[in-house]
Amino acid sequence: MRNAAAAISEQVACYASSHSGLEYEEYVTQSVGDATRYVRNWCERHPFEEVRFYACGGDGTLNEVVSGMVGRPLSQVAAVAVGSGNDYVKYHGSVEDFRDVARLIEGSPTKVDLMKIGDRYSINVCNFGFDAEVCRNSALVRNWPLLGGRNAYTTAILKSLSLRHHYIQMKVDGADFYDDYLLLCTLSNGKYVGGKYLCAPLSQCDDGKMEVGLFRCMPLLRLIPLIPYYMNGTHLQNKRIQGLIKYCRASKVVVSSTNPFWLCIDGEMVYGDYFEIENLQRAINFVLPKK
């Protein structure tokens with residue numbers, strides 16, 4: 001985010017002034033995908049150098065940086081959380097923890113899982129069905145006064161209610177899992193989606209498994225009262241709605257449909273009728289802020 005660039009640059013310069021020998025380079029991305037190209041090119045030019053990239057933005061920026069450093073074991077990524085959602089970092093702490101540049105510089109890496117979808121990657125959540133329609137509409141309403149900003153995802157839910165039935169076939173680790181209309185499904189290594197929705201409360205980011213959470217179709221009057229449970233992460237143990245949810249942990253998921261549908265990958269939209277999502281265990285070095 002350009003508005004945050006000056007503040008981040010100031011924090012880095014302040015830290016460098018009191019820590020001699022710190023070498024760093026600042027780069028402001030110019031377009032979508034530019035961070036991936038920059039990171040990949042840097043790693044190709046310096047294949048034997050240890051490096052830490054600081055993704056300054058939200059989940060989309062983090063996704064781009066991670067996608068550029070896949071397969072580079074000497075690279076690390078730190079997330080400076082100045083985006084609109086900042087969902088992934090909430091797994092590891094508060095958003096404020098990931099805005100302290102000094103603590104990130106002095107932080108330590110931990111290995112985390114990554115989902116691979118064709119030639120794309122996801123570090124947080126992939127989702128489809130109603131959830132993906134919400135992501136699409138969230139981008140459209142983000143700049144609306146009052147209803148946008150932090151409220152954009154909730155506004156998008158209301159805007160997407162007419163698009164909540166999607167026919168999907170799913171296989172999980174080679175076995176049939178679902179063949180029917182559904183409301184939504186999330187595949188998660190992180191825990192949060194949409195800024196404040198705890199979609200995968202049981203997720204573990206380094207166990208080699210993604211959390212699969214599928215909601216069956218339901219009438220609108222039954223759906224709306226369930227939103228608070230989905231927001232606070234109590235939907236899996238709520239006896240009132242357990243019959244409406246299918247949950248499992250998986251290494252590989254195959255999703256297809258007779259009609260193309262939207263798949264949301266860390267907030268980025270992809271359109272198709274067939275996707276294979278494979279979880280790569282401990283594939284990325286993710287930096288946690290110093291405590």
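A crossing of two helices is termed left-handed if the near helix is turned anticlockwise from the far one by less than a right angle, and right-handed if clockwise; helices (H or I, at least four residues) and strands (E, at least two) are DSSP runs numbered from the N terminus. The model is predicted, with local features requiring pLDDT of at least 70 and side-chain atom pairs counting only at pLDDT 80 or more, whereas totals for chains, interfaces and linings use all residues. Residues are numbered from 1 along each chain as its sequence is written, and side-chain values use heavy atoms, with hydrogens and water left out.

By this convention, the crossing of α2 and α3 is right-handed. Helix α2 (residues 34-45) packs against helix α3 (residues 59-69) at an angle of about 30°, their axes lying 7 Å apart, where axes are lines fitted to C-alpha atoms over the stretch in contact and angles run from 0 to 180 degrees between N-to-C directions. The two helices are therefore roughly parallel (angles under 35 degrees; over 145 is roughly antiparallel, 65 to 115 roughly perpendicular and the rest oblique). In contact (heavy atoms within 4.5 Å) are Asp34, Ala35, Thr36, Val39 and Arg40 of α2 with Glu64, Val65, Ser67, Gly68 and Met69 of α3.

Nine of the eleven residues of α3 are buried, so this helix is largely enclosed by the rest of the structure (buried, under 20% relative accessible area; exposed, over 50%; partly exposed in between; 1.4 Å probe, protein chains only). The buried residues include Leu62, Val65 and Met69. Just after α3, Gly71 adopts a positive phi of about 85°.
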